[in-house]
Amino acid sequence: MSIPQKGDFIDIHVHGGAAAPGKFILETLMAHEDKLPEKKEGVAFTYGIHPWFLNGSNADSQLDIVKKITADPEIIAVGEAGYDKLKGPSPELQERIFAEQVKISEVLRKPLIIHCVRAWDEVLSAKKRFKPSMPWMIHGFRGKIRQAEQLISKGFWLSIWFEYALRPESAELFSAISKGRLFLETDGADVDIRDIYNKVSADMNITVDNLKALILSNYKHFFGID
């Protein structure tokens, strides 16, 4: 299993990314894709069922794939799993498959990566109901400070959506939220993670090297790495 090194830019959520010197990526693989994890320097993987590609006819087959593939040691987290009220199947099916992925996360002792669109009540309710021992991360967060603080107070970690991170108005969020629960991502977009670090470090009034050290510490904490 590849792990990030001191001085790496960590991109915590990527689709179809590629490693490069000084950059570490967590590549998200999904059960509907014909793609398996490979042992690569500078790359680790998550694996799960995305609600956009879930329906009644493929739910159980995708779930069987996730149960099998997530046991691979190159897979360090389950997901992205979650809820989407704008694009996806019935709420009942999304709830069932999310619950199953929570169980896989707990059995394998691997964290859960969450996709959430307009379904915060469902995610918070699930966290309260399941009382998971594994950490949960919301990827692509783009909400307000109050919502970020609420999620962090409930034990969530937040990866900030790349486009929002680069906007001037996100500076207030970065200066306010708990730094120990923060990650940055490109989500596979044509964006350089280094540009995101440069902007966010300025917002936080720290150096890029200090931001790298912070994110590396968060990564080790989230994944239970000594």
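This is a predicted model: local features need pLDDT of at least 70, side-chain atom pairs count only at pLDDT 80 or more; totals for chains, interfaces and linings use all residues.
**Entry 1: names.** Helices (H or I, at least four residues) and strands (E, at least two) are DSSP runs, and I number them from the N terminus.

Entry 2: I looked up how the strands are arranged. I find an open sheet of 8 strands, in the order E1-E2-E3-E4-E5-E6-E7-E8, with parallel pairing. At the edges I note strand E1 (9-14) and strand E8 (182-184), each pairing on one side only. Ignoring direction, neighbouring strands of this sheet are turned by 25 degrees against each other on average. A reminder to myself: strands of a sheet pair through backbone hydrogen bonds, either parallel or antiparallel.

**Entry 3: strand E5.** Is E5 enclosed or open? I checked residues 112-117: 5 of the 6 are buried, so strand E5 is largely enclosed by the rest of the structure. For "buried" I use under 20% relative accessible area.

Next I looked at the partners of E5. Strand E4 (residues 75-84) runs parallel to E5 and is joined to it by 5 bridges. In this pairing I see Tyr83 opposite Cys116 of E5. To get from E4 to E5, the chain goes through helix H2 (residues 91-108), and I note this β-α-β crossover as right-handed.

Then I turned to strand E6 (residues 136-141), which is parallel to E5 and joined to it by 3 bridges. Here Leu112 has Trp136 in E6 as its bridge partner.

Entry 4: E3 and E4 pair in the parallel sense over 3 bridges, and Thr46 has Ala77 in E4 as its bridge partner.

Entry 5: Most residues other than glycine have a negative phi, and most peptide bonds are trans. I went looking for exceptions.

- The peptide bond from Gly79 to Glu80 is cis, with omega near 25 degrees. I place Glu80 in strand E4.
- Arg109 is not a glycine, yet I read a positive phi of about 60 degrees for it. Its relative accessibility is 51%, so I count Arg109 as exposed; the cut-off is over 50%.
- Asn205, not a glycine either, has a positive phi of about 60 degrees. I find Asn205 in the loop between H7 and H8, and at 71% relative accessibility I count it as exposed.

Entry 6: How do H7 and H8 pack? Helix H7 (residues 193-204) and helix H8 (residues 208-223) have axes 9 Å apart and pack at an angle of about 95 degrees. I therefore call H7 and H8 roughly perpendicular to each other, since 65 to 115 degrees is the range for that term.

I listed who makes the contact. From H7 come Tyr197, Asn198, Val200, Ser201 and Met204, and from H8 come Val208, Leu211, Lys212, Leu214 and Ile215. Sorting the residues of this contact, I get 7 nonpolar, 2 polar and 1 charged.

Note on methods
Residues are numbered from 1 along each chain as its sequence is written. Side-chain values use heavy atoms; hydrogens and water are left out. Buried means under 20% relative accessible area, exposed over 50%, partly exposed in between (1.4 Å probe, protein chains only). Two strands pair if DSSP finds at least two bridges between them. A crossover is right-handed if, with the strands pointing away from the viewer, the path from the first strand over the helix to the second runs clockwise. Axes are lines fitted to C-alpha atoms, for helices over the stretch in contact, and angles run from 0 to 180 degrees between N-to-C directions. Angles under 35 degrees count as roughly parallel, over 145 as roughly antiparallel, 65 to 115 as roughly perpendicular and the rest as oblique. Contact means heavy atoms within 4.5 Å. Ala, Val, Leu, Ile, Met, Phe, Trp, Tyr, Cys and Pro count as nonpolar, Asp, Glu, Lys and Arg as charged, and the others, Gly among them, as polar.
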